[in-house]
Amino acid sequence: MNYSETRELHDLLFSFMDMFHEKFLYSFRKNNESKTGMKKNHVKIIMMLYRFKNLTSTEIAKMLYMEKGSVTTLIDQLTESGFVLRCDFANDRRKSLVTLTDSGKAQIEIVIANHIQSMHELFQNVDSDEMEQFADNLKNVVQFMNKL
């Protein structure tokens, strides 16, 4: 791959990220805060735990590009809310795994339902063939990204 091709990929990726934030994440966050009262970083953490089942604080911090201390505070708040709990790591007492509680799972199901509603409204006037093509392209992107 030459420089100009790599540059085009760079520009496309950052354009996609900008539009994704504008078109999706902004409306998701607006709806979640008004309907669930949860802040965006709390939602991000419980969404990650929903996908990955359990993670260490360090793993969560890396995924969020945040300092571990900041993530610890967020996890403490989620623990107090009853959405997550810390479990001892099997062979290392210095580590703990963070996992969703049943209440946390129920909360993220509400968040996902809100996301789906926002998406439904956004895509309401999109042609069904375009929608199918978009979904296929997104599947290809996800499969490709998983290979990296």
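These are my notebook entries on a predicted model of one protein chain.

**Entry 1: overall layout**

I started with the whole chain. The protein chain holds six helices and three strands. I read the order of elements from the N terminus as α-α-β-α-α-β-β-α-α. I then took the extent along the principal axes. The C-alpha atoms fill a box of roughly 50 × 40 × 20 Å.

Next came burial. The protein chain has 148 residues, and 27% of them count as buried.

I closed the overview with contact order. Among contacts in the protein chain with a separation of 6 or more, 50% are between residues 24 or more positions apart.

**Entry 2: H2 against H5**

How do the axes of H2 and H5 cross? Helix H2 spans residues 40-52 and helix H5 spans residues 102-122. Their axes come within 10 Å and cross at roughly 105 degrees. H2 is therefore roughly perpendicular to H5, since angles of 65 to 115 degrees fall in that class.

I listed the residues that meet. H2 brings Val43, Ile46, Met47 and Tyr50. H5 brings Gly104, Gln107, Ile108, Glu109, Val111, Ile112 and His115. I sorted the contact of H2 with H5 by class: seven residues are nonpolar, three are polar and one is charged.

**Entry 3: Asn32 in H1**

I moved to helix H1, where Asn32 sits. Is Asn32 buried or exposed? Its relative accessible area is 3%, so Asn32 is buried, the limit for that class being under 20%.

I then looked up what Asn32 touches, leaving aside neighbours within four places in sequence. The contacts are Gly37, Met38, Val43, Val111, Asn114 and His115. Of these, Val43 is also on the H2 side of the H2 and H5 contact. Val111 and His115 are on the H5 side of that contact.

Asn32 and Ala113 are 81 residues apart along the chain, and their C-alpha atoms are separated by 9.8 Å.

**Entry 4: Ser118 in H5**

I stayed with H5 for Ser118, which has its place in that helix. Ser118 has a relative accessible area of 6%, so this serine is buried.

Which residues does Ser118 contact, apart from neighbours within four places in sequence? I found Ser27, Phe28 and Asn31. Helix H1 covers residues 3-36.

**Entry 5: salt bridges**

I searched the whole structure and got two salt bridges. Side chains of opposite charge can pair when their charged atoms come close.

One is between Arg7 and Asp11, with the closest N and O atoms 3.1 Å apart. Why are these two about one helical turn apart? Arg7 and Asp11 are separated that way because they lie four residues apart in helix H1. Arg7 is partly exposed at a relative accessible area of 43%. Asp11 is partly exposed too, at 35%.

The side chains of Arg86 and Asp76 also meet in a salt bridge, at 2.8 Å from N to O. This pair links distant parts of the chain, ten residues apart. Arg86 belongs to strand S2 (residues 84-89) and Asp76 to helix H4 (residues 68-80). Arg86 is partly exposed, with a relative accessible area of 34%. Asp76 also counts as partly exposed, at 32% relative accessibility.

**Entry 6: positive phi**

I ended with backbone angles. Lys53 is not a glycine, yet has a positive phi of about 75 degrees. Where is Lys53 found? Lys53 is in the loop between H2 and strand S1 (54-56). At 57% relative accessibility, Lys53 counts as exposed, the class for values over 50%.

Tyr65 is not a glycine either, and has a positive phi of about 55 degrees. I placed Tyr65 in the loop between helix H3 (57-64) and H4. H4 is also the helix that holds Asp76. Is Tyr65 buried or exposed? Tyr65 counts as exposed, at 77% relative accessibility.

How values were computed
Residues are numbered from 1 along each chain as its sequence is written. This is a predicted model: local features need pLDDT of at least 70, side-chain atom pairs count only at pLDDT 80 or more; totals for chains, interfaces and linings use all residues. Side-chain values use heavy atoms; hydrogens and water are left out. Axes are lines fitted to C-alpha atoms, for helices over the stretch in contact, and angles run from 0 to 180 degrees between N-to-C directions. Angles under 35 degrees count as roughly parallel, over 145 as roughly antiparallel, 65 to 115 as roughly perpendicular and the rest as oblique. Contact means heavy atoms within 4.5 Å. Ala, Val, Leu, Ile, Met, Phe, Trp, Tyr, Cys and Pro count as nonpolar, Asp, Glu, Lys and Arg as charged, and the others, Gly among them, as polar. Buried means under 20% relative accessible area, exposed over 50%, partly exposed in between (1.4 Å probe, protein chains only). A salt bridge is a side-chain nitrogen of Lys or Arg within 4 Å of a carboxyl oxygen of Asp or Glu.
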